[in-house]
Amino acid sequence: MAEEVYEKKILDRFSDALIAFLVKIITLFRKDWYRRNRSRVEEWKLMLYALNRSPIGIAGLVLGMSFIIVGIIGPIIAPHSYDFSFIMATGQYKKYFLAPPGTGGALLGTDDLGRDLLSQMLYGARISLVVTALVLPVGIIIGIMLGLIAGYYGGIIDEFIMRVTDMFLAFPGLILALALSAALTDRMALAIANNPYLTGLVSFIFAVKPNDALNMAQTLSIVVALWIVWWPGYARLTRGLTLQAKNNVYVEAARALSMSSVGIMTKHILPNILGSLLVLMTMDVGSVILVEAGLSFLFGAQMKIPDWGAIVQHGSQYLVNGAWWLVMIPGLAILVSVLGWNLFGDALRDILDPRTRRSIEFKVKKVKKTSEEAGEVSK
Amino acid sequence: MSEALVRVDGLKKYFPVGGIIFTKGWVKAVDGVTFEIRKGETLGLVGESGCGKTTTGKLILKLLKPTAGKIIFDGRDVTKLRGKALKEFRRQANIVFQDPYSSLDPRMTVFNIIMEPVRIHKIHVDDPEEFVIKLLYEVGLNETHLYRYPHEFSGGQRQRIAIARTLALRPKFMVLDEPTSALDVSVQAQILNLLKDLQRRYGLTYLFISHNLGVVKYMSNRIAVMYLGKLVELAPAKELFENPMHPYTKALLSSIPVPDPELARAKERIKVTGEPPSPINPPSGCRFHPRCPHATEKCRHDEPALKEVGKDHFVACWLYA
């Protein structure tokens with residue numbers, strides 16, 4: 001029998017090229033890499049093939065990636081600044097007061113001040129992206145560290161860490177975040193205003209004008225609040241996975257070699273549970289977007305920044321005027337981003353879970369076999 | 001007679017049963033075991049499941065903390081070793097586990113698996129790749145396997161990788177914890193021969209733990225029989241098979257299936273009735289007495305000690321006291 005070769009779809013060729021490119025780049029820095037990691041590269045290819053056979057996963061990936069891309073380049077490609085007002089620029093009050101989508105120059109319409117909704121949305125994407133990028137890594141690192149320690153050492157350490165985690169989990173996250181951000185905002189604003197470097201940094205990462213950096217204090221305090229409510233989920237999951245992983249004989253084998261506990265946790269346990277954590281991380285990107293939008297919706301009236309949640313809040317006052325776009329468009333953006341990451345996370349779980357993974361791989365192979373049979377018949 | 005490399009003296013391990021705070025009782029997994037392993041020999045340790053064989057092996061390597069007793073390795077008391085000294089000890093003594101499917105980290109390449117002990121012990125190796133390839137050849141693999149992952153190998157090959165990992169530190173003593181019981185019969189022989197070969201080449205000392213009598217007979221110089229956390233008989237392999245003394249050993253040996261039905265019918269069968277008692281509440285006196293065909297009143301009350309009854313042949317039974 002011929003060697004088993006997977007039948008490739010167009011997407012597979014694309015992912016092959018992607019991996020080949022990646023390998024090339026790594027090889028630039030480490031010459032020996034490919035020879036040593038051929039098995040791993042094959043594994044990556046299989047994973048991508050599996051992903052390619054999950055339309056939902058691809059859809060999620062595309063949506064999720066477009067969220068990231070828009071978040072990065074949005075403020076650059078935006079036709080106007082987020083506080084640009086058509087009314088101020090043209091003086092045509094009647095035309096640009098709550099102008100519906102498509103009105104001269106304003107592709108997605110304008111709000112009550114004549115501001116361009118499209119530009120606001122693009123700047124808002126940056127804010128959402130930055131908040132997600134600030135919240136998740138910290139929550140993940142704290143959660144994973146505590147979870148690993150609790151799960152690995154067990155006993156009293158485990159009890160203590162998990163009871164503290166329970167305390168945080170028992171508290172409604174949104175309310176805790178609300179209280180914290182309410183308490184933190186003023187101090188944060190002061191700190192940003194007093195430190196020119198901080199002003200510059202904040203206005204750079206959020207792509208807002210330096211004058212508005214102060215107004216980002218609200219968003220930043222939401223970030224801090226989310227740090228505090230976000231880690232318990234990871235601590236829980238990591239602990240559970242660690243308990244499972246540490247029963248593997250290879251952990252005992254490493255102990256028999258006198259490997260340190262930290263070594264065992266980072267070199268053996270963490271790499272083996274990372275797959276499951278990755279699924280949660282992916283889905284959490286969506287959750288952070290949603291929670292952040294929710295919080296900025298609640299603070300919306302005080303916020304002078306184009307955050308998606310704040311836009312919805314601001315726009316909701318004009319729903320009675322028939323200005324549906326001010327609510328629908330940001331709402332849709334939130335929906336699509338969250339949905340995208342959730343779908344991708346779902347597909348990722350199928351790919352990383354050995355049980356479903358094999359069935360997907362089997363499907364890949366089967367396609368090949370039937371096409372071979374078909375070839376024989378036609379001969 | 002060569003000197004002892006490992007001496008175990010009155011080794012005990014009790015596991016608590018019940019909650020963290022309230023202990024309902026103790027599982028006496030190993031309850032006062034004394035024996036020695038001589039340099040260059042293989043000591044077989046047999047017994048049924050749950051009799052404490054594996055626990056004994058892990059206790060010797062300090063993977064578990066003994067409740068009582070002493071472990072002397074190479075003339076040094078290693079019972080209380082910690083930190084650096086323990087690390088040094090583990091460089092000389094290591095273990096091959098039963099299940100090669102879970103003893104290798106699925107996320108590591110063979111190269112990293114075998115290099116791991118070297119890295120942990122910070123041993124300088126000039127050319128790591130060459131070092132690992134040499135070890136792979138020693139266990140019957142080759143350099144094409146170097147950068148593969150464990151799931152790409154069969155059970156036998158995985159066990160070879162596990163053996164190479166333990167060999168990397170050039171230990172003096174290895175605990176082989178049922179190294180072949182998870183493997184196909186056809187592969188078992190290869191692994192056993194490999195282990196014997198390595199022993200000859202490097203003068204290794206083995207503690208060979210198994211429930212498979214045939215395998216133990218093939219591998220061991222001396223055999224210790226365990227029952228419910230205690231040694232019941234210890235004798236040179238040949239002697240034990242030709243002249244088993246303890247009723248439990250006799251029963252164990254007679255349970256080996258004989259392929260020829262004629263011979264099987266002619267063979268004296270000693271049947272043991274009942275289940276092995278719970279190690280939480282072991283029987284008083286001789287632990288084997290509830291199942292022993294020769295049990296007397298004395299067996300119910302007094303515990304027999306391990307006594308030398310023939311040359312190098314120890315039995316713990318009142319029949320021979």
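Here are a few friendly questions and answers about this predicted model.

Q: Which helix supplies the largest share of the side of chain A that touches chain B?
A: Let's start with the interface, where 18 residues of chain A are in contact with 23 residues of chain B. On the chain A side, at least two residues each come from α2 (33-36), α3 (38-52), α12 (249-256) and α13 (261-298). The largest share is 6 residues, and the helix that supplies it is α12(A).

Q: How many residues of the side of chain A that touches chain B are charged?
A: Sorting that side by class gives 7 nonpolar and 6 polar residues. The number of charged residues is 5.

Q: Which strands stand at the edges of the open sheet in chain B?
A: The sheet has 8 strands with mixed pairing, in the order β6-β7-β8-β3-β9-β10-β12-β11. A strand at the edge has a single partner, so one of its sides is left without a neighbour in the sheet. In chain B, the strands in that position are β6 (93-96) and β11 (307-310).

Q: Which residue of β9(B) is the bridge partner of Leu43(B)?
A: Strands β3 (residues 42-46) and β9 (residues 222-227) of chain B run parallel and are joined by 4 bridges. For Leu43(B), the bridge partner in β9(B) is Arg222(B).

Q: Are α7(A) and α15(A) roughly parallel or roughly antiparallel?
A: The axes of α7 (residues 117-153) and α15 (residues 325-352) of chain A come within 11 Å and cross at roughly 30 degrees. Angles under 35 degrees count as roughly parallel, and those over 145 as roughly antiparallel. The crossing angle therefore makes α7(A) and α15(A) roughly parallel.

How values were computed
Residues are numbered from 1 along each chain as its sequence is written. Chains are lettered from A and ligands numbered from 1 in the order in which they are written. This is a predicted model: local features need pLDDT of at least 70, side-chain atom pairs count only at pLDDT 80 or more; totals for chains, interfaces and linings use all residues. Two residues are in contact if their C-beta atoms, placed from the backbone, lie within 7 Å. Ala, Val, Leu, Ile, Met, Phe, Trp, Tyr, Cys and Pro count as nonpolar, Asp, Glu, Lys and Arg as charged, and the others, Gly among them, as polar. Two strands pair if DSSP finds at least two bridges between them. Axes are lines fitted to C-alpha atoms, for helices over the stretch in contact, and angles run from 0 to 180 degrees between N-to-C directions. Angles under 35 degrees count as roughly parallel, over 145 as roughly antiparallel, 65 to 115 as roughly perpendicular and the rest as oblique.
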